[in-house]
Each structure stands twice: as structure tokens, then as C-alpha cells.
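Please look over the sequence and the model below before reading on. The paragraphs that follow go from the whole chain to one helix and then to its aromatic side chains.

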Amino acid sequence: MSRYQAIEQLHHTIGELERSLSVLRQQLQQLRLLAARVFVLPEVARGKEHNPRPRIEVTQLLAQAALTQALHHFGLLFMQQQSAQRSTKSAVRLPGALCLEAQQPQAEDLRRQVAHINQLKRRLEQIITIESGVAAEERFEFVHQQLPGLITLNAYRAITLLEAPDSVRFGWANKQIIKKVNRAELREKLLASLKSGRSAAGWDRESWTANLQQEIALLEALPDDVQLKIRRPVKVQPIARIWQADKQKQTQLACPSPLLIICQDASQLPALGELLNYDENNISHRHKPAAQTLWPLIPRLHLFVDRPQ
């Protein structure tokens, strides 16, 4: 696909996504609301995206107020729709759940609409990240030239639809991403950055070049059998724990947006828990496996090795 075709598809897909979200809002407003509970998290101000957040205060909304907030959240695709002080680099999260009464025809319409919206979201991500042919470091500029103000994190995020579980409880996930790294591939990426001649934000070209050369030398000096791993902390995020009594099964889901829960009537209404304030100094772990000892190699990349160097 040519760049021109990708741009044309990008505009078509975002337009269809906006129209489909509008239809979804109308569908949700026409259904009987059995229960609704969402949790508003504090705004992250511009320039403070990477500041530690040892405590997060939660504001709970119920019933109609929760529905109104959820409908706004689902349609939040552009930064012009939010406070000018809010960071556009930090994901906007609204954990919670909407429980809606829907008979079979209405439920099926809702399932189809949510599936269509999620398909459009996946399509949008594919156009931007693959079919456009734009390098990762140039995507932000490419997207905002074509769709000024698009919040890609919100545009990509799928909507979750559930069939009347027995309970929905909310909590916080505070973890790290650990994955193995191929040394040759990482070296090629560093060499590509070196050859591009561009410097990273906050670096002058000469210092950035010297830094890349040092990182490449560190990689090349490692023994052949050493293991490299990325160990990167993930910002704390809200989760939902879904319990299904008939299957004796609990499923844990990331919960950046309100869950849509279909019930045939009020008898199927699940128990909805509450999301408490987050406090990193007051965390209890049900099970915390022992972590492998790793040694830092390139802190900028969160790159570690499995033995001291």
C-alpha cells in the first residue's frame, strides 16, 4: 500500500469509527440501566507523564452520572475533547462497569456493534503501524499531520463486552515487563540510530553519538552465551476480576474503560465491587514469586544481563 492510500484509509477508518461510536452511544442510552459504577482517576498534567504516582485518589460515580461519564469516555478520540492541561501522552483510564438489560435482539445488535468498533480500532492500528510504512520514531508526526490531536492510545483501545458474570471486583496491577532480547537485533537497531544522524530529545548530536557508540561497544564485549533481558516497570493500572460461578473460574482483565455487561433482567445483575485508592506503601501480594537476579547493562533501555560483567 502506498503512503497516499494509507492516508486515505486512515481518514476513512477514523470517520467510520466516530460514526460507529455514535451509534453505540445511542444503543446504550436506549437500554435499561440496571447498575453503573465508574471510577474517575486524577488527570495527568502536561510534562508530568513520567512522575512517580505513589498514591492515586479515586472518585466514584454511580448510576446515570456513571453512564454519562462512560459515554464521553468511549468517544474520546481527540485531545480537543479534553482539558487543555491534561497530558496527551498519558492514557486516559476510566475503570468501572455498566450493567444493561437487553433481550436477545437488542443484545445481538450490541454485540455486533461492539465487534465492529473493535475491528475498526484494530484496522486503525494496522494502518498506522504497518501499512503506512512510517518508522516508529516518525509515527507521531505522521498521525498528527493527518489527524491533528488524535489520541492513539484511546483510539486503539478495545471495548469489552461481557455476558452477566456473577461478580466484578476491581483492583490495581503493579508489575514489570520482562522479555528476552536478541543481541544481534538490538545491535542493528542501535547502529541504525547511529547512522540516522538524529539525536534523542535532551541530547546534542555529539553526546548522543558517543552514547550510542558506548552502548554498541558494551553489547559487542559480552560473552556469546550471556542472556539479555528487558525489565521495565509498568505504570500501575486498574484491573477487573470477573467471577463465573458455573465455571468456577476467575478471569483478570485490564480495565482502562468501563466494561459493558449484558443482563437479560435484574436477576442476572452481578455484584459490583469498588476500586479503592492506590497506595504503593500499602500493597499486599497474594502470591509474589521470587524474581531472577539480573544486572543492569544499559539503563536507558532497561536492559539487563543474567550475570555480573
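Accessible areas are computed by the Shrake-Rupley method with a 1.4 Å probe, and for residues only the protein chains shown count as cover. On that basis the protein chain has an accessible surface of about 17,800 Å², 48% of which belongs to carbon and sulfur atoms. The model is predicted: local features need pLDDT of at least 70, side-chain atom pairs count only at pLDDT 80 or more, and totals for chains, interfaces and linings use all residues. Residues are numbered from 1 along each chain as its sequence is written, and side-chain values use heavy atoms, with hydrogens and water left out.

The C-alpha trace of the protein chain spans about 65 × 50 × 35 Å along its principal axes. Its secondary structure comes to seven helices and 15 strands, taken as DSSP runs numbered from the N terminus (helices: H or I, at least four residues; strands: E, at least two). Of the 309 residues, 40% count as buried; buried means under 20% relative accessible area, exposed over 50%, and partly exposed in between (1.4 Å probe, protein chains only). Among contacts (heavy atoms within 4.5 Å) with a separation of 6 or more, 81% are between residues 24 or more positions apart.

Helix H2 covers residues 63-74, twelve in number, and reaches 17 Å from its first C-alpha to its last, close to the expected 16 Å. That expected span is 1.5 Å times one less than the number of residues. Ala66, Leu67, Ala70, Leu71, His73 and Phe74 of H2 are buried. Viewed down the axis of H2, these buried residues fall within an arc of 160°, so they line one face of the helix; the arc is that of the directions from the helix axis to the C-beta atoms. They pack against helix H1 (3-30) and strands E1 (32-40), E3 (59-62), E4 (96-101) and E11 (259-263).

How many aromatic pairs does a search of the whole structure find? There are three, where rings of Phe, Tyr and Trp (its six-membered ring) pair if their centres lie within 6.5 Å; planes under 30 degrees apart are stacked, over 60 edge-to-face, and the rest tilted. One of them joins Phe39 and Phe170 edge-to-face, at 5.3 Å centre to centre and 65° between the planes. Phe39 lies in strand E1 and Phe170 in strand E6 (residues 167-173), so the pair ties together parts 131 residues apart in sequence. Phe39 is buried at 0% relative accessible area, and Phe170 is buried at 8%.
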